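Please read the following note beside the sequence and the model.

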Amino acid sequence: METKRWNIKNDKTYNHQAIEDAAERLKAGKTIAFPTETVYGLGADATNEAAVAKIFKAKGRPQDNPLIAHVATVEQLSRLVDDIPVYAVQLMEAFSPGPLTYILPNNGTCADNVTAGQTTIGVRIPDHPVAQALLERADVPVAAPSANLSGKPSPTLADHVWADLHGRIDGLLDGGPTGVGLESTVIDCTQEIPIILRPGGVTKEQLEEVVGTVMTDPGLANEKEKPKSPGMKYRHYSPEVPLWLVGGKPEHIQTIINKEKTRGNRLGILASERTAGLIQADEIISLGTDITEIAAHLYDGLRKFKQGDVDIIICEAFSEDGIGQAVMNRLKKAATEYIQ
C-alpha cells in the first residue's frame, strides 16, 4: 500500500487542499493519520465497519480493545450518544476541545467494532487545528487510536507514525510535533459520579475543580475485565529494549547502573534534567525540567533507544501528582521491571 504524506507543519493555513484530500479519503473508507494535541491518531470513518477494521489490521490491535470516536463539536458528539449528564456538559464546557474523552451511552450510530460491541462509546473533541479542520471537513465521526503499531510507544511526531505504519495506512497529515505528549484522560460519565478510567492530559485535580468529587477506577489494570476504555487492559508503550522503572534518589539509580555495567550491559537513561546531570551512563536523555515537559518528551525518549545501541533502558520514576499520574501510568505499563 502506498502511504500519501502531506507536509503541512509549517503552513499556518494548514494546507486547505491537503485537508480536503485527506477528508475525502476518510469518507471513502481510507485510513488517515493526523496530529492531535495529545498524540498522532490513526483515523477512519467510525460509521464504516470495514474502514474501522483497517485500523485494527494496520496496528495489529486486539479486536476487544475499543476505539475513541473523534468529532469537531459538541453538537456532533451529541449525535453519537443517548444521554449526556449535567456534569458531563460542565466538563465539556471547561475542557473541550481538549485532551478529555467521555464514556457515554452509545446510540448505535458508530460501527460495532468501534465500541467492541459495548453499550458505551468513548468520544472526544481534539484541540488541534489540523484535527479540527479534518473533522469539520469530513463531517463524520472518526475512530482514532494512537497511530503506532500496537504495544509500541505512541507517536508524538509524524516520523514516529511513518516508521511504524508507512505502507500499512493510506495517508499521513504531518502537522509537526504534538503538544501534551500523552493520550487523553478517559472519564466514565455513565454513573452518578464521574470515574477516571485512564489518566491523561486533564488531571483529577482539574476535573474536581469543575464538578467536585471524581473517582479513579481501581480496576485500571484489571486484566479479567472487558475494557471500557483504551489503555485499560493490554501492555502498552513498550520500547524496543527492556525498560526498568527505578524510584529513589539519583545515587540509587547510579548504583543500579554501575551494577549492570559490571555485567557488561550498556545502559540508556531517561530522567529529569536534574537527575540526568547527577548520573553517568552510556547514553542519557533528559526529558525536561518539570513534569509537563517530561510528559511531552516521554514517548520520543522511549523511541530513541534502539536494539543494538543499549541493552537496558532505565527510566527515573516520577511523582504522581497532577499529570505525573498519567506519566507513571504509561511507564508502569511499559516497564519490564519496577525497582523502588
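Predicted model: local features only at pLDDT ≥ 70, side-chain atom pairs only at ≥ 80, totals over all residues.

1. Residues are numbered from 1 along each chain as its sequence is written, and side-chain values use heavy atoms, with hydrogens and water left out.

2. A disulfide is a covalent bond between the sulfur atoms of two cysteines. With the criterion of a pair of cysteine sulfur atoms within 2.5 Å, a search of the whole structure returns 0 disulfides. For C110, the closest cysteine sulfur belongs to C189 and lies 16 Å away, which is too far for a bond.

3. C110 is buried, with 4% relative accessibility, and C189 is buried as well, with 3%. Buried means under 20% relative accessible area, calculated with a 1.4 Å probe on protein chains only.

4. Helix α4 (residues 86-95) packs with helix α8 (residues 204-211) at an angle of about 120 degrees, and their axes are 9 Å apart. Helices are DSSP runs (H or I) of at least four residues, numbered from the N terminus. Axes are lines fitted to C-alpha atoms over the stretch in contact, and angles run from 0 to 180 degrees between N-to-C directions.

5. In the contact (heavy atoms within 4.5 Å), Y87, Q90, L91, A94 and F95 of α4 meet Q206, L207, V210 and V211 of α8.

Methods. Buried < 20%, exposed > 50% of the residue type's maximum accessible area, 1.4 Å probe, protein only. Helix = DSSP H or I, 4+ residues; strand = E, 2+ residues; numbered from the N terminus.
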